[in-house]
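These entries record what I looked up in the structure. I began with the pairing of strands and then turned to the core.

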Amino acid sequence: MILNPKRREQVLPLPVVLISTISEEGVRNAAPWSNITPILRPLEEIVLASWLKRDTLDNIRVTGEFVVNVPSADMAEAVKICSRNYPPETDEFEEANLAPRPSTKVAPPGIEGCIAWMECELVEEILRERFSLIVGRVVHLEADDRYFDQEGNMDFERAKPLSAILGHQGVRYTRQVSAGSEQRYSEMFLGKG
Ligand SMILES: Cc1cc2nc3c(=O)[nH]c(=O)nc-3n(C[C@H](O)[C@H](O)[C@H](O)COP(=O)(O)O)c2cc1C
C-alpha cells in the first residue's frame, strides 16, 4: 500500500503525554501531546512540535516553563477532555477533574496520578511558518515509586503508559507489551568483550 507522505504519523506508534502549563494570569492548562521526544540518550533536552494556535505554546512562551506528565492508559478519558480547544481562560484541570501535583523547580503544577513528571524549562524555540519546535531542558524528573525499580526502570506492564496510533479519522489509544527481547547498550559496541 502506498500512503500519502502527509500521513507519515499513521505508520508510527507515538507516546501520549499531558503537558501542563499556566498562563500569565495563572490559569492552569493541560493538553495531550504526541509529537514529543527526548533528544538523544542520555542528555537532558527534549523537543516537542506545536501548531501555532495552542494555549500550551503561548504559555510556554510567556512563562518559559512546562511539565510533561506521563499518563497511564487508565487516564485516556481525561486525555480526551484535555484535547478539546477550550479558550485560554478555562482551567483545564477543573474541566478534566485533574488533581494538581506541586512541582519542585517550575511554577506549573504536574498532574496527580500520572506515572512520571518532567519539569522543563524552555531552552529554544525554532519557529517555522506553520508550527514551532520547542526545545526544553528537563530540570527535575520524578517517577511514581510503585512502577519503577531502584535503578529507575519502569515496569511498563503495570504502569501502562499511554500511547496512540494517529489514524486518518482519529486516534486509537494503545499500550505497550513486551516483545520478549532485551539488549544491553554495551552490545552495540563491537570489539568490546
Ligand atoms: C493524542 C493527541 C496528541 C496530540 N499531539 C499534539 C501535538 O503533538 N502537537 C500539537 O500541536 N497538538 C497536539 N494535539 C492537539 C492538542 O492536544 C489540542 O489541540 C489541545 O486542545 C491543545 O490545547 P491547548 O490549546 O490548551 O494547548 C494532540 C491531541 C491528541 C488527542
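Entry 1. I worked from a predicted model. I first examined β9 and strand β10 (residues 131-143), which pair in the antiparallel sense over eleven bridges. A hairpin of three residues joins β9 to β10. I noted two positions along this pairing: Ile126 stands opposite Leu133 in β10, and the bridge partner of Cys120 in β10 is Val138.

Entry 2. I next checked β5 against β10 and found antiparallel pairing over seven bridges. Here Trp51 has Phe131 in β10 as its bridge partner.

Entry 3. I then asked in which order the strands of the open sheet follow one another. The seven strands run β3-β2-β6-β9-β10-β5-β4, with antiparallel pairing. β3 and β4 (36-38) are the edge strands; each has a single partner strand, so one side of each lacks a neighbour in the sheet. On average, neighbouring strands of this sheet are turned by 30° against each other, direction ignored.

Entry 4. I looked up where α1 lies relative to the strands. α1 lies across β2, β3, β5 (45-51), β6, β9 and β10, and runs at about 50° to β2.

Entry 5. I turned to the largest nonpolar core, which has 33 residues. Leu18 and Ala30 have the most contacts inside this core. Elements giving two or more residues to the core include β2 (17-22), β3 (28-33), α1 (55-63) and β9 (116-127). For Leu18, I left aside neighbours within four places in sequence; the remaining contacts include Ala30, Val79, Cys82 and Ile111.

Key:
Residues numbered from 1 in each chain as written. Predicted model: local features only at pLDDT ≥ 70, side-chain atom pairs only at ≥ 80, totals over all residues. Core = buried A, V, L, I, M, F, W, Y, C linked by C-beta atoms within 7 Å. Buried ≥ 20, exposed ≤ 12 C-beta atoms within 10 Å, placed from the backbone. Helix = DSSP H or I, 4+ residues; strand = E, 2+ residues; numbered from the N terminus. Contact = placed C-beta atoms within 7 Å. Pairing = 2+ DSSP bridges. Axes fitted to C-alpha atoms, helices over the stretch in contact; angles between N-to-C directions.
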